Amino acid sequence: MYWAALPYVGTALGVYVFDQGLVAVGVYHLGILAARGGCRFPVRRVFGGMRRPALFGLGALCLLTWPLLWILWPHMARSGVDLSALLSQWGITGTTAWVFAVYSVTLHPVLEETFWRGMLPDQLWSDALFAGFHLLVLAPLVHAVWLPLVFLVLLTASAIWRYFARETGGLLIPVLTHALADLGVLLAVRALVG
């Protein structure tokens with residue numbers, strides 16, 4: 001489906017053309033809303049499919065992004081990459097940083113999950129595309145040797161979220177655990193920038 005190109009276009013425009021992370025997120029998310037074509041938002045599906053043991057287990061696993069990223073970042077980052085300077089350049093400071101953080105753990109996971117696990121086909125190539133577009137953001141920031149590992153981690157996460165979406169008939173577990181993974185990333189970044 002050509003809609004799967006949305007994150008690639010948004011990321012390329014935001015990161016490589018305008019050098020603005022917020023532009024990347026904005027184009028990507030507006031594209032997701034446009035892809036729905038005015039269809040009713042799948043509220044029941046977003047809030048359906050609860051399985052507590054799976055939620056707690058997968059949620060704890062997703063929160064590991066916090067310590068893992070914090071520990072590994074000094075080894076992963078290309079020389080000269082300054083996260084604090086990059087966030088300032090992208091305008092993600094002060095109040096904007098707090099708004100972006102809240103948005104990242106609330107609306108962002110909902111939009112991504114309704115797109116990747118709710119709209120696109122239940123197939124492995126969807127997982128590969130999900131993992132791949134994240135590499136566009138990371139390629140300028142981390143040593144190339146880390147990109148295959150990041151791809152495999154994201155491919156696995158996507159496949160697990162797709163599995164739960166299919167098995168439960170809902171997106172609640174993918175949305176909530178995706179939010180926890182994003183929260184872990186934000187906490188790690190906060191710790192790294194001081």
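Colleague: Which residues are buried in H11?
Modeller: In this predicted model, the buried residues of H11 are Leu172, Ile173, Pro174, Val175, Thr177, His178, Ala179, Ala181, Asp182, Gly184 and Ala188.

Colleague: And what span should the 22 residues of H11 have?
Modeller: At 1.5 Å a residue they should span 32 Å, and the end C-alpha atoms of H11 lie 31 Å apart, which agrees.

Colleague: What comes just after H11?
Modeller: Just after that helix sits glycine 194, which takes a positive phi of about 80°.

Colleague: Let's go inside. How many residues has the largest nonpolar core?
Modeller: The largest nonpolar core has 34 residues, and those with the most contacts inside it are Leu58, Trp73, Met76, Phe115, Trp116, Phe130 and Val142. At least two residues of this core are supplied by each of several helices, including H2 (21-35), H4 (52-63), H10 (147-168) and H11 (172-193).

Colleague: Which helix gives the largest share of this core?
Modeller: That is H10, from which six residues of the core come.

Colleague: What does leucine 58 touch?
Modeller: Leaving out residues up to four places away in sequence, leucine 58 touches Ile160, Trp161, Phe164, Ile173 and Thr177.

Colleague: Why does valine 17 count as exposed?
Modeller: Its relative accessibility is 55%, and exposed means over 50%, so valine 17 counts as exposed.

Key. Residues are numbered from 1 along each chain as its sequence is written. This is a predicted model: local features need pLDDT of at least 70, side-chain atom pairs count only at pLDDT 80 or more; totals for chains, interfaces and linings use all residues. Side-chain values use heavy atoms; hydrogens and water are left out. A nonpolar core is a set of buried Ala, Val, Leu, Ile, Met, Phe, Trp, Tyr and Cys residues joined through side-chain atoms within 4.5 Å. Buried means under 20% relative accessible area, exposed over 50%, partly exposed in between (1.4 Å probe, protein chains only). Helices (H or I, at least four residues) and strands (E, at least two) are DSSP runs, numbered from the N terminus. Contact means heavy atoms within 4.5 Å. The expected span of a helix is 1.5 Å times one less than its number of residues.
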